[in-house]
Amino acid sequence: EDLKALLAYRNLILLYFAAGATTSMVLTFAGLWGVPFLSTHYELSRAAAAAQCSTMMVAWAFGSIAFSAVSDRIGRRKPLFMGGLAIAMALWAALVFGGRWSTGVLTALMVGIGFFGGCFIITFAYSKESGPSRLAGTVSGIANMGVIQGPMLMQPLVGVLLDRYWQGAMQDGVRVFDLVSYQRGFSLILAWGV
């Protein structure tokens, strides 16, 4: 009954999807598809590609702390979240569609995407403030489901598109995807963010 009541709050539904979009950008890339993308497109070693993905994750942690602190200080959620998501998406589009960047620019993009993707943390407080206080625990659960289910759905969906546009290249028994395949697969993340 409580869950049914909460589904009537439009903000909670929007924040569920917004949190999923924001975390998908970081966790789909850094958690699964970033190393093969960077190894193929940037010809980085697997260790260097993993280091770039780790850089994104560390920036994500710092971004979460920063966005949380600023949001609490100013008492506003929506402008910070929308701004963080917009910047993260612009940087994401630059990474995926902007060509091949120098190592310095690539690292800056990774840091930027991670840091501004940290705005997802605001969805917890924003969700809690969007529902009745007596159901705060259930509201937090809904917000957390978006954070978890976004990447859980996006990682395999990107893989489906990669497989669909795979050109048949193999290396050491592993499929190698070209840039166009990655762009089509990663466009799902950009579409969800929009």
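1. Thr-23 is buried, with a relative accessible area of 0%. The model is predicted. Thr-23 sits in helix α2, which covers residues 10-41. Beyond residues up to four places away in sequence, Thr-23 touches Thr-28, Trp-60, Phe-120, Gly-146, Val-147 and Pro-151.

2. Leu-27 also belongs to helix α2. Its relative accessibility is 22%, so Leu-27 counts as partly exposed; the cut-off for buried is under 20%. With neighbours within four places in sequence left aside, Leu-27 contacts Leu-32, Met-57, Trp-60, Pro-151 and Gln-155.

3. On spacing in general: an α-helix has 3.6 residues a turn, so residues three or four places apart point the same way.

4. Helix α3 runs over residues 46-74, 29 residues in total. From its first C-alpha to its last, α3 reaches 42 Å. That is close to the 42 Å expected at 1.5 Å a residue. After α3 comes Gly-75, with a positive phi near 70°.

5. Which residues of α3 are buried? They are Ala-49, Gln-52, Cys-53, Met-56, Ala-59, Trp-60, Gly-63, Ser-64, Phe-67 and Ser-71. These buried residues pack against α2, α4 (78-97), α5 (103-117) and α6 (122-130).

6. One distance for reference: Leu-27 and Arg-73 lie 46 residues apart in sequence. In space they are 27 Å apart, C-alpha to C-alpha.

Terms used. Residues are numbered from 1 along each chain as its sequence is written. This is a predicted model: local features need pLDDT of at least 70, side-chain atom pairs count only at pLDDT 80 or more; totals for chains, interfaces and linings use all residues. Side-chain values use heavy atoms; hydrogens and water are left out. Helices (H or I, at least four residues) and strands (E, at least two) are DSSP runs, numbered from the N terminus. Buried means under 20% relative accessible area, exposed over 50%, partly exposed in between (1.4 Å probe, protein chains only). Contact means heavy atoms within 4.5 Å. The expected span of a helix is 1.5 Å times one less than its number of residues.
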